[in-house]
Amino acid sequence: MAVAPGEQVAVVADLASDFAVVEALTGAVLAARGEPTVVVMPPRQQAGDKATAVVRAALAGADVILAPTTTALGFNEEFNEALQRGARGLVLTGIRGENLVAGAALADYDEVNAVTGRLADLAEAGTTMRVTSEHGSELTASIRGVRVGRGASFAREPGQVSGFPSGECWLTPAEGSANGVLVADGSAHMLGRLDQPLAVRFENGWATEVTGGTQAVDLVKIIDAAENGRHLGELSIGTNAMARFTGNITEDKKGIGRVHFALGHSVVGSGGPPSPIHIDLLILQPNVWIDDTPVVEHGRVCV
């Protein structure tokens, strides 16, 4: 984050956060001679739910935002307004103390950044993305002109945001362009580790059918209870070679060569219809092409 002496840093947590993480972040800010202010609110039910008035005021006054909340603060309106004013943010959704000292946290983030950059460069120059997998994924979408994110835990310039632990090249396909089916076989937000493959069929960027046992039924209840919950809001590739598969989507989706897609709100800065949810679902060993270039083969990044 490149916290500088005197910078105002908001450490935003909720009552279900791991306060060992809050202490660690506060200590790191003090070590950099920044000025941390810790604000704690009740947990939000879903990513994007409004923060309390006190948290909103803290975000408005922050140069840097560190957010170890249990649901993602990155989709909160006030968080994004703070980014637009020049704050920079790091989202640490659901992070527990052990996540700071194991797995994806121990990656060489310069290498993660390099892999992410190669994929992002291809995506920014590309026009289409195709995803397949052994469980039946077969989806094609336009990526012409879309914003491509480079998630490698660096957010050092005004308006930048990343996550931690990190490692993903993220994007939202062009509106109305995604057609086919994506079959998640790893884990998912609000569902945890998947008991069986969960298939989501898309027509023109919207989920029209979800199948795959009781967890599919649970997912339908979640997305149908939210405005624009069936919108395809993300299609991204993991780039962190140290990320484990634990059933916690926050780390699982960062694994190098994995693909995750999201239902609901689009990734930060991508526009699209607003939604109060953003549900990530993971494909463990996909194949991905950008135009005619294979970039992932059976879960292995090949660029």
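This report covers the nonpolar cores, aromatic pairs and cysteines of a predicted model.

## Nonpolar cores

The largest nonpolar core has 44 residues. Those that touch the most other members are Leu198, Phe202, Leu219, Leu235, Phe261 and Leu281. Beyond its neighbours within four places in sequence, Phe261 is in contact with a set of residues that includes Leu182, Val200, Phe202, Leu235, Ile279 and Leu281.

## Aromatic pairs

The whole structure holds 2 aromatic pairs. Tyr109 and Phe164 form a tilted pair, with 5.8 Å centre to centre and 35 degrees between the planes. Tyr109 lies in helix H4 and Phe164 in the loop between strands E8 and E9, so this pair ties together parts that are 55 residues apart in sequence. Tyr109 is buried at 11% relative accessible area, and Phe164 is buried at 16%.

Phe202 and Phe261 form an edge-to-face pair, with 6.1 Å centre to centre and 85 degrees between the planes. Because Phe202 lies in strand E13 and Phe261 in strand E16, the pair ties together parts that are 59 residues apart in sequence. Both residues, Phe202 and Phe261, are buried.

## A charge over a ring

Arg130 lies over the face of Trp289, at 4.6 Å from the ring centre.

## Cysteines

The count of disulfides is 0. For Cys169, the nearest cysteine sulfur is that of Cys302, 13 Å away, whereas a disulfide needs sulfur atoms within 2.5 Å. Cys169 is buried, at 3% relative accessibility. Cys302 is also in no disulfide, and at 27% relative accessibility Cys302 counts as partly exposed.

Terms used:
Residues numbered from 1 in each chain as written. Predicted model: local features only at pLDDT ≥ 70, side-chain atom pairs only at ≥ 80, totals over all residues. Heavy atoms only, no water. Core = buried A, V, L, I, M, F, W, Y, C linked by side-chain atoms within 4.5 Å. Buried < 20%, exposed > 50% of the residue type's maximum accessible area, 1.4 Å probe, protein only. Contact = heavy atoms within 4.5 Å. Phe/Tyr/Trp six-rings, centres within 6.5 Å; stacked < 30°, edge-to-face > 60°. Helix = DSSP H or I, 4+ residues; strand = E, 2+ residues; numbered from the N terminus. Lys NZ or Arg CZ within 6 Å of the ring centre and 35° of its normal.
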